[in-house]
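The sequence and the structure are shown first.

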Amino acid sequence: MKGRPAPRTFLADGTPLPAVLDEAMIHAVVHGFYARIREDELLGPVFNGAIAAEQWPRHLAKMCDFWSSMLLRTGRYEGRPLAPHLAIPGLGEEHFRRWLTLFQATVRALCPPDVASIFMDRALRIAHSFRLAVAFHRGENSLEVRPILAESL
């Protein structure tokens, strides 16, 4: 039809993304996840110490842009997400494991299983990449950093 844009097909690892994975779902996941983070005994103090109360709306918008860019290839995210994490003293596997546990609980609660799996695949990759970078930054042996598997959460 004239004047109607062609449907866009987003791909994740060669698999078409489910139509239900859209900006609204990303918004729900990001906001739901960070609500859990802010209340968490381990991660709440880390995040609330790094992000002032009045900065949370901006941070949430930035994280929506990040996940939109990651999953929908929108290109909206402009930033370098690793740097703030490198500045956190004592950031370790227990923090990443808890982050992934809360993320998994959020996507399982809000998304169909196939979409939750797509989110978790990306989250697991991000966590491993960040853990490697943290180890390297600290002068630790990054070869000893093993991926955290979803089955272990």
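## Phe136

The model described here is predicted. Phe136 has its place in helix H6. Is Phe136 buried or exposed? Its relative accessible area is 66%, and because exposed means over 50%, Phe136 counts as exposed.

Between Phe136 and Phe119 there are 26 Å in space, taken from C-alpha to C-alpha. In sequence, Phe136 and Phe119 are 17 residues apart.

## Ser68

Ser68 belongs to helix H3, which covers residues 56-72. The relative accessibility of Ser68 is 0%; since buried means under 20%, Ser68 is therefore counted as buried.

Which residues does Ser68 touch, leaving out those up to four places away in sequence? They are Glu23, Ile26, Arg73, Thr74 and Arg76. With Glu23 there is also a polar contact of 2.7 Å, which joins the side chains of Ser68 and Glu23.

## The largest pocket

The volume of the largest pocket is about 720 Å³. Its lining consists of 30 residues, and those closest to the pocket centre are Tyr34, Phe47, His59, Met63 and His85. Two or more lining residues come from each of helix H1 (23-39), helix H2 (43-50), H3, helix H4 (82-86), helix H5 (93-110) and helix H6 (113-137).

Which element gives the most to the lining of the largest pocket? H3 does, with 6 residues. H3 is also the helix in which Ser68 is found. Sorted by class, the lining of the largest pocket holds 22 nonpolar residues, 5 polar residues and 3 charged residues.

## The second largest pocket

In the second largest pocket there is about 160 Å³ of space. The residues that line this pocket are Leu91, Gly92, Glu93, Phe96, Arg131, Val134, Ala135, Arg138, Glu140, Asn141, Glu144 and Val145. H5 and H6 are the elements that give two or more residues to this lining.

H6 gives the most to the lining of the second largest pocket, with 3 residues. H6 is also the helix that holds Phe136. How many nonpolar, polar and charged residues does the lining of the second largest pocket have? The counts are 5 nonpolar, 2 polar and 5 charged.

How values were computed
Residues numbered from 1 in each chain as written. Predicted model: local features only at pLDDT ≥ 70, side-chain atom pairs only at ≥ 80, totals over all residues. Heavy atoms only, no water. Helix = DSSP H or I, 4+ residues; strand = E, 2+ residues; numbered from the N terminus. Buried < 20%, exposed > 50% of the residue type's maximum accessible area, 1.4 Å probe, protein only. Polar contact = N/O pair within 3.5 Å; in protein donor to acceptor, adjacent residues only side chain to side chain. Contact = heavy atoms within 4.5 Å. 1 Å grid on protein atoms, 1.4 Å probe; cavity = no way out; pocket = protein on both sides within 12 Å on 5 of 7 lines; lining within 4 Å. Points joined across faces, edges and corners; volume = space filled by probe spheres on them. Nonpolar A, V, L, I, M, F, W, Y, C, P; charged D, E, K, R; others polar.
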